[in-house]
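Trainee: I would like to learn how to read a structure step by step. Could we go through the features together, with the general idea before each case?

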Amino acid sequence: MRALILSDIHANLEALEAVLAAAEGQYDEIWNLGDLVGYGGSPNQVVERIRPLQSLVVRGNHDRVCCGLTSANGFNPVARTAALWTREALSETNLDWLKSLPQGPVEPDTAGILCAHGSPLDEDKYILSIRDAWGPLQQMSTRVTFFGHTHIQGGFSQHGHQWHELHPAIGRPRPSTSTRDQGQPRSSAASWTLKLEAGTRHLINPGSVGQPRDFDWRAAFAIFTAEAPPADATADDAAPAEFSVTFHRVPYDLVSSQGRILMAGLPERLAARLREGR
Ligand code: ZN
């Protein structure tokens, strides 16, 4: 079983298309960790593109605010402006669908896995450090919890008393030499695979498809693979399924995505930050 793990698409259609093209043929299911909309200029297009493809989705805090389930009062002014614009731009059908999304954590069919937007203990909480990861890793009985919300690819693991931060060994593209640089950056795709040892608990963030904040502008995603133990293993000596995660970065049509944000009249900062990856 192979799952394409997506998170924080944030209405960036160009990034989503690049991810779907790069991952084609490499997955059986799509699990979406939320924040499909908010910030970007293509909320309807993103919802309509991804909705029929995914087999699991949890809501994100931006989905919740953009569809009107909760107010935008807790958001910073730029996020609030984008959320209110998104609420106006979304079709009735897409608004209703966003309202119906389940709160995480949600369990896929694969045993030992959970999917959440923020912390599995609180959908609004950011897991940015070992300190943040400690509670969820202690309290979750699952081998792997996928989460998003921070827009930072990587994660955390715990084996007994050992705690680790996971940083995918993917080099960042060379930073721009000028803050006034315009046009499409030239970077190539990259990936890195991590085997998830049995007996270790993991919190894994696939990174953000549509608004990365780890100083890499390329769209981020991950592919999770679960290989069943050999069929001849009896119940007594059955080995746990072998899990691995491949982290990916792919370039996308950044300039078009920025153009949609500017044409929509959304704050310029939302376009600029896509190039900076933060
Ligand atoms: Zn987000």
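Mentor: Let us start with a definition: a residue counts as buried under 20% relative accessible area, exposed over 50%, and partly exposed in between, using a 1.4 Å probe and protein chains only. Please keep in mind that this is a predicted model, in which local features need pLDDT of at least 70 and side-chain atom pairs count only at pLDDT 80 or more, while totals for chains, interfaces and linings use all residues. Residues are numbered from 1 along each chain as its sequence is written, and side-chain values use heavy atoms, with hydrogens and water left out.

Trainee: Are His 10 and His 151 buried or exposed?

Mentor: Both His 10 and His 151 are buried. They also belong to the metal site, where donors are N, O and S atoms within 2.8 Å of the metal (3.2 Å for Na, K and Ca), and since water is not among the atoms, sites may look incomplete. Here the zinc ion is coordinated by Asp 8 (OD), His 10 (NE2), Asp 35 (OD) and His 151 (NE2), at 2.1 to 2.2 Å. Along the chain these donors follow the spacing D-x1-H-x24-D-x115-H. His 10 lies in the loop between S1 and H1, and His 151 in the loop between strand S5 (144-146) and strand S6 (154-159), so that this pair links distant parts of the chain, 141 residues apart. The names of such elements come from DSSP runs, numbered from the N terminus: helices are H or I runs of at least four residues, and strands are E runs of at least two.

Trainee: What arrangement do the four donor atoms make around the zinc ion?

Mentor: The general idea is to compare angles: ideal angles at a metal are 109.5 degrees for four tetrahedral donors, and 90 or 180 degrees for six octahedral ones. In practice, four donors count as tetrahedral if all angles lie between 85 and 135 degrees; four count as square planar and six as octahedral if opposite donors are over 155 degrees apart and all others between 65 and 115; anything else is irregular. Around this zinc ion the four donor atoms subtend angles of 85 to 177°, which makes the arrangement irregular.

Trainee: In which order do the six strands of the open sheet stand?

Mentor: Two strands pair if DSSP finds at least two bridges between them. By that rule the six strands form an open sheet in the order S3-S2-S1-S10-S11-S8, with mixed pairing. Strand S3 (56-57) and strand S8 (190-196) stand at the edges, each with a single partner strand, so one side of each is left without a neighbour in the sheet. S1 pairs with strand S10 (residues 219-227) in the antiparallel sense over four bridges, with Leu 4 opposite Ile 223 and Arg 2 opposite Thr 225. S10 also pairs with strand S11 (residues 242-250), again in the antiparallel sense, over nine bridges, and Ala 220 has Arg 249 as its bridge partner there. S10 is mostly covered, since eight of its nine residues are buried.

Trainee: Which residues of helix H2 are buried?

Mentor: In helix H2 (residues 43-50), the buried residues are Pro 43, Asn 44, Val 46, Val 47 and Ile 50. Seen down the axis of H2, they fall within an arc of 165° (taken from the directions from the helix axis to the C-beta atoms), so they line one face of the helix. Contact means heavy atoms within 4.5 Å, and the buried residues of H2 pack against elements including strand S1 (2-6), helix H1 (13-23) and helix H4 (77-89).

Trainee: How many salt bridges are there?

Mentor: A salt bridge is a side-chain nitrogen of Lys or Arg within 4 Å of a carboxyl oxygen of Asp or Glu, and by this rule the count comes to twelve. One of them joins Arg 2 and Asp 28, whose closest N and O atoms are 3.1 Å apart. This pair links distant parts of the chain, with Arg 2 in strand S1 and Asp 28 in the loop between H1 and S2, 26 residues apart. Arg 2 is partly exposed, at 28% relative accessible area, and Asp 28 is partly exposed as well, at 48%.
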